[in-house]
Structure formats: structure tokens, C-alpha cells
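Look over the sequence and the structure below before reading on.

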Amino acid sequence: MSAVRVGASPQRVGGDARVSGRQQYVADIHVPDELHAKLVTVPVARARIRGIDASAALAVPGVRLVVTADDLPQPMPRFGPQFRDRPLIAVGETKYHGEPVAVVAADTKDVAEEGARLVRVDYEELPAIVTVAAALDPAAALVQDPALRPSDPFAGTNVLREHPVAWGDLEAAAATAALVVENVYTFPMVTHFAIEPHAFIAAPDGDGIVVWSSIQHPNWLQKTIAQLLDLPLARVRVFAPDPGGGFGGKQHAKYEPLVAFMALQAGRPVRLVLSLEETFQAVRRTAAEIRVRTGIRADGMLAFEDIEADYLIGAYADIADRVVGKGSYPACGPYRVPAARILARSILSHTVPSTAFRGFGNPQVNWAVESNLTEAALRLGIDPLDLRLRNLARRGEAFIPFDTPCDGDWEQAVRRAAELIGWGTPRPPGRGRGIAIGIKSGPTTGLSYSTVRLLADGSVIVYAGTSDMGQGARTVFAQIAGQELGAPLDAVTVVMGDTAVVPYDQQTSASRSTVLMGNAVLAACREVQAKLRAMAARLHGIDEADIVVDRGLVRLPDRELPIIEVLRPGLGRLGGELIGNGEMRKDAEPDHPLGGSAAFFEFNCTAVEAEVDEETGDVTLARYATVSDVGKAINPLQVRMQDEGAAIQGLGHTLMEHYIFDETGRIRNLGAIDYRIPTSMDLPLEIHSEIVENEDGPGPYGSKGMSEGALLCVAAAVAGAVRDATGVAIRDLPLTPERVWRALRERDRVRPGSLPAEEEMPR
Amino acid sequence: MSDAATRVPIQLTVNGRPRALEVAVHHTLLEVLRDDLALTGTKECCLVGECGACTVRLDGRIVDSCLVLAVEADGGEITTVEGLAPEGRLTRLQAAFLEKGGVQCGFCIPGQVMAADDLLRRNPHPTVPQVQEGLAGNLCRCACYVQIAEAVLAAAREEEA
């Protein structure tokens, strides 16, 4: 294996197992004596549960346990990362299509399914709230029992929380505006659709419990289970095998608590593997309706932004309210905005609980605000690229007054994205171009520990509590440790996913792991290096201060030695090892609106050239460019994979994905036949992904977090290109052929035979 | 359903090894591979033949093993991802997936590799559009599609060399 590490693109650590079928995901793991669980649901959006008769199910040979709300502790234990509002299983009322009312555990999967079919649920369908308007109707039913939040002024409404952010004098700024553009945009409900459906196993373990889960945050799950079962953390062991795709949907506990209670009741391991349809009913992205008023001065400088974003979250909060607060916070984008008012609300509804999903609430407001910016540019007769460049914050500028200033040379990414699709050159006939900028606040708090062991033969074991769900964290940490300690990658093992062995990590989210865990790994390596220095000083009779350990070498004043030549004699005949511990902490800032400033900003510019079929409404992306400022790419190939993957994932909500509800609130397109995600046939004809590397990030070697950035502004860039090609502004996603076709027909009806208004715009 | 009377004997050759099994009549080939034979490399996702995660080779053509009843495969010769590189050395195609960055979370990859292997058997020198069309039935939510196509082309080139 090559000795080149950071900045090179060695093959994925764990790659062999992934291409040969040996990689074990949770569903591939079996525990002796395990029971198979199957959820029981009712086929309506919302129902009052009058009674559950499990006798027929219990009569089936092999059915060992049927659990309903009555079979669990009273009052029903509740959990959730923000509010403890989610019951283990529905109590009295189901609040969304797919919420389980009972669960059957049996000796085999077949028997569990048969038992689940035989559980008779007596229920009365209730009207369900599935839109923002219905939720805000003063006469609307309350999704959440107000008793769950007794001192909350919003308890008597379906608003969970409001998130206001403001700066500057909006009225004074409005007086300077030559143009005010006001529109309403909508963003659909979409689901994560990880190809690995969520899977959970729980097993009694002496006086504790062990849980396997496809979870992104094993330590958070450990805490949740310990609280619910009243166990010490040390008696809850969470195994978190690498998830088969997470995208945020596997951050927080879903059915692990239920399965844990069942395992303790049954005294046997219980496994629950969701179907793909059940994952649609477990996780989704928050839908949103966003009203934007953008004020622009005659010189093209922004005067103000006034944004109201209503996010439709589900029946339980999960982490969705944080999604709303953190996602809406940078809504004005990376621009100098003299005055801003942002009011975001998280609104409960009788729908699947929404949760984190790549981009974390930013893609919704970005879609609206960036699209409005393009419209403002066109109406002022300014090139949309030029308008953005004029207003873009430059390094060191505090574009959100109370937060981390601009931490990159962002203009480079914008200019490069535009250049990659030939912005400014004549457009091929029938094609249009769009450009948009995405920005996301990185982690606002963080805590990661790592332990690194340099073994007697020079090989290395790294312990890191990050989950490698495809982003390649394992490879990045191996590269860092390999570089620092001079070990080839095939002599570095990265241990993850076992809370009994691996030190604490707060979470795998917000594109944090390269920066926060990466720094912890680096710090642990530095501690090992310090021990090597002391060892070399002792062996060679030199002052420690005259010794440097760098990139696998011990540099003495007169010569350089490979680490192994110090380690071997230093450890002596007994052998042993050197152990280093690293900690990376980003503490909370209580007075900050988000509880902490951004560790870094993810910055991306996306530029698109699109062609629209006037007869069918089909959108073809002829050229697609995505450019992210990543500080330093520790593994450039993995960075490219993340950026292109994020872009294509973003094309899902932009062009095709959305939940469809019937009039009663049931999901009508559950599963892979009726809910389409991008395939290899849905790609841009040309896709260019590039990065900006100025080594100006807070992570190892100047890296910044990345992997969400390239998804943030996909929709606005594509819609901008569609608008440029057709003259039609569409403000609802996804841009399905039907929606585009209808918009084109409406254009023709209003202006028969006329050219699109923007057709003459130079670009 | 658990009644032994509903189980029937079948013979399969899986990755070159003859297997005599008693399978439930309603079980799919996917269930038998994963649950009865513990060959968990073949993955389960959509169960309606849309995602391709369960792709295996059956008598010389690839199938979605979630759509084939095990009894229908009686007498059949099956290759799963575990059988592509029996000596533990990766095939050129598998190696190319890693070299070109075709693998992120990896969950869809056994199906992708099986489908790509079949594509190259039928068309040793495909174009990019042919690869994209040939693998359109294999979903990758990490969306490594560009890199997967590069990997298939690279493997085809090496095959030729």
C-alpha cells in the first residue's frame, strides 16, 4: 500500500468487504435464540384506538409476545432528542399513517407476520392534519397533547416552536429598496430511502442490555436506552455496524427503545428489520412553505430579506424542531444583508415524524431565497451571477452579525461553477442556465474523543465513535493516523461502532466528523508522538526539545529515524505499545441563537444548463457544475463522491420525489414502485465537480466539513435554468414533467405566441 | 405457515456447491439465500423488483431474487456476490469499483456488481449510456452512478488488455 496518505485517494478502508458481500449490516447479524418482530399498524392517517384483541395472534404456535400500549410501563415511557414526546408505541390514538399500535414477536419471521395479521384492532378513523394551513386553522385538532408541555404558550396550538432571527433596521432598509420581490415557495415531503432499511436487535445481557442498530449516533442511543430502562450507561452496550446509508435518517432512536423493552419482557433477543415501506413511515424530510420578500437597491445591492418559513414537521418532534431552527438561521445566504427578519416555525401535523436529512432544513429555505434572488436579478436586468458576486461576503466579513465571519474565499467557488458551464457564453438554442449558492452552518457544539494505539510492530489501531455510513470516515481517520505515525494504510485498523470499547462521540452529523473527530484523532496521534519524543530522548541521550516527530519520522538533530527504529528499542523486550488520547470539544455558547456559532460554513455553488421539452415538460440537465469550498480534501476521490452523490440526491427532491397523500392523509406512494429516486438514467449529461482548497478550515490540515454542501442549492439552480429556458418561474417542487408541462401551457395561455420575458437577457 | 407440510425439497447449485434444501413454498430465492444458506451478501430492500439490491445470477441470467420463488429455482445454478471471487481475490470488476470510487455505504454494491458482471458478459465493451441503461435497475442512494459507470468501463478495458 502506498505511503502517500493525506491528500491522496487510497481505496476505501473496508472496501473489499463491501464489494464481496462480506460487509455485515445489522440485518445480516443473527443472535442465538432471537425472536422476530413485526409491527401492527392501521391503514389510516389518524385513529382512535378503542381496543386491541391479540388472542388470535397469541394462539399461533411460535408467537411468543404481543405488545400493545397496555403491556408497557404506565405512564408510557417517551423519548426524543429534543422533547420527550414520542411513545414507545401509540397510546390511545395513532397520529400518522404507519404508527404502530402493537408488535408481535415470534420464533420466525413468517410466524411474526402471520401473528401481526391476526391482531384485531378496533379503531375509529379521525380527521388528520397534513398541511400547514390545516394545522394553523384555529379550529384544528391539536396533534400533541398539551399536557406534554404544560408551561409552553404554544401548547394550545400546533406550533411547536418559533425561531426568530433578525438584525438591522428592516423599515429603514426597505426605504432604500428600488425593487421588492415577494413570493411563496413550497418544498415537498421526501424520504431518505437509504437502500438499507433500518434494523434493530436488542438482547438482555446479564443485568444490562445490548442493542444493535443501524444508528448514526450510537452514544446518543446508549443514553436514550439507559434513561428509558433506568440503567447505568455502562450496562447499555450499543453495537452500531456501518449503516447502509444514513443521510440523517438514522441519527436518532426510532424503534430501538420498543425492541429493548420487548427483549427484556421476553427474556430473549428481539430483532426488527423494517421494510422499505416502513422506513417511509419512519423518516422523512421536513416539508416547508416559505414566503420571501427580498428588497434590492437600484445598484443591485441587497437592502433586506424578510422570510417566513413554515416547516411542516410530523406528529412527534424527533430532531425536526432543531432542523427548523438551524436550517432557517442562515436563510439569507452568504450575502451582505443590511437588515433581515427570519421567522421559522415548526408545525406539528399528522404525518410521519420528520427528522434530519442531508442539508438539515437549509435546502428548503435555500430553494426559496435563492430562487427569489434570481427573480430579483432578472427584474432588475442584472445577471444573476453578477448579482450574487456583488453581494457575496468576502473573507472575514460577519455576514450574520453575531456569528462566525466568512471563513473562505467563496468567490472562487462561484466563479468556477459559472465558468464550468460556460456562463456568459451564448446559450445553445432551447437551453437555459441557472446558478445558486448554498451555505450551511457547521456544527455549533461538539465533543469527540479518540484513542490511538501504536503497537509494537508499528501498526496502529484508531478508536473513533463516528459512524461510517458511506462518507468514508474510516478511510479519512486511517489516513490521518497513518500519516502522523508512519504506518501504511493496511497496517491501520479503525474501530468504530461499539460503545463498550470506543470512546464517546457526540454524533455523526452536520458534516462534522473530519473536523471534530479528525482533530481528536490528530490530537491522540500527537500524544503518541510526544511519547515517542520522550522515548527517543531517553534512547539517544538528547533533549526532548531537540526532537521532532513528523509524518512517520523521528527527527534528531543529526539524523532521521523511522518511528519503528525508536519504538522497537524503546519498548524493549516486553514489547507493549504507546497509547494516545485526543479530545476535540466545541462548547455551547448560551447566548447564541443556535446555542453555538458555526465551527465552519459549508459553501457550495451549483450552476446548471438545462433543456426543457416543450411538449412533455421533461427537464434534461445538459451541463451541471458543483463546486464546494472544502478547505483541504484529505481524500479527494471521496470528496468528489460525496459532492456528486449529494448533487444527484438533490435532483431527487428537485425533479421527482414527493410523498403523495389521499384526502384522508394516507400516503399513497409507499415503496419503490410509486416513489422514484434518481437512477443512473436520471443523471446530467455532463457533471463537473470541483473543489476549492485554501487549507483554511478548522479541521486537520486545514480541512472543513463537507458532503451536505452540494445538495443545498440544487433546486434553485435547476429551477433557474428551467426559467431561463422557458420564461416560466415555478415555485413548487418537484419539477415533475407534469408540473413543468402545466406551467408551460399556462404561459402559452396567458401570452399566446409571445417570447418568454427573459429570452433577451444577456447571459 | 410454519407447518412442515408446506416445505418442499429442492436442489440448488450455489456458487458451485450443490445444496439440498427444504424450503417453504412461499419463500423467495432471496429469503432462502439469506436466511437458509446464510449468504447475506445479497441484500434486501424494496422486495418489489425495483431496487436491484438482491440481484443474483440464476442459470446464466440475472434476476431480482426477491421476485423468484425458491421452488422456481429448483435445479438451478446460482451465483451470488460471494461466488464472484471465491479465492478471496477480487475480480477485476470488483477491484475497479474500489479504484474508481464506486462504493460509498456499500449496501447496493453486491447487486450493482452482479448486474455489472452480467452486463460485461453480454456486452464486453459497453459505452457509458449502455452501462447507465444496463444498471438502471440498481438504485444507489449515495448516488455513485458516475463512478460506477467509470468502474465498469475500466474493468472492460482491462479485460481487453
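Which residues does B:C54 touch, not counting residues up to four places away in sequence? In this predicted model, B:C54 touches B:L30, B:T42, B:K43, B:E44, B:D64, B:S65, B:C66 and B:G111.

**Surroundings of B:C54**
- The loop between α1 (29-36) and β3 (55-58) of chain B holds B:C54.
- B:C54 counts as buried because 28 C-beta neighbours lie inside 10 Å, and the cut-off for a buried residue is 20 or more.
- B:G111 is 57 residues from B:C54 along the chain, yet their C-alpha atoms are separated by 5.7 Å.

**Helix α10 of chain A**
- This helix covers residues 362-380, 19 residues in total.
- From its first C-alpha to its last, α10(A) reaches 26 Å, close to the 27 Å expected at 1.5 Å a residue.
- Of the 19 residues in α10(A), 17 are buried, and the helix is mostly covered.
- A:G381 follows α10(A) and has a positive phi, near 75°.

**The largest nonpolar core**
- This core has 300 residues, and A:V104, A:M262, A:A481 and A:V521 touch the most other members.
- Helix α14 (residues 516-540) of chain A gives the core its largest share, 11 residues.
- Leaving out residues up to four places away in sequence, A:M262 touches A:A37, A:L65, A:V67, A:V103, A:A105 and A:V270.

**Where chain B meets chain A**
- On chain B, 45 residues are in contact with 48 residues of chain A.
- The elements of chain B that give two or more residues to this side are α2 (92-99), α3 (109-122), α4 (128-134) and α5 (145-160).
- The residues on the side of chain B that touches chain A comprise 29 nonpolar, 10 polar and six charged.

Key
Residues are numbered from 1 along each chain as its sequence is written. Chains are lettered from A and ligands numbered from 1 in the order in which they are written. This is a predicted model: local features need pLDDT of at least 70, side-chain atom pairs count only at pLDDT 80 or more; totals for chains, interfaces and linings use all residues. Two residues are in contact if their C-beta atoms, placed from the backbone, lie within 7 Å. Helices (H or I, at least four residues) and strands (E, at least two) are DSSP runs, numbered from the N terminus. Ala, Val, Leu, Ile, Met, Phe, Trp, Tyr, Cys and Pro count as nonpolar, Asp, Glu, Lys and Arg as charged, and the others, Gly among them, as polar. A nonpolar core is a set of buried Ala, Val, Leu, Ile, Met, Phe, Trp, Tyr and Cys residues joined through C-beta atoms within 7 Å. A residue is buried if 20 or more other C-beta atoms lie within 10 Å of its own, exposed if 12 or fewer, and partly exposed in between; C-beta atoms are placed from the backbone. The expected span of a helix is 1.5 Å times one less than its number of residues.
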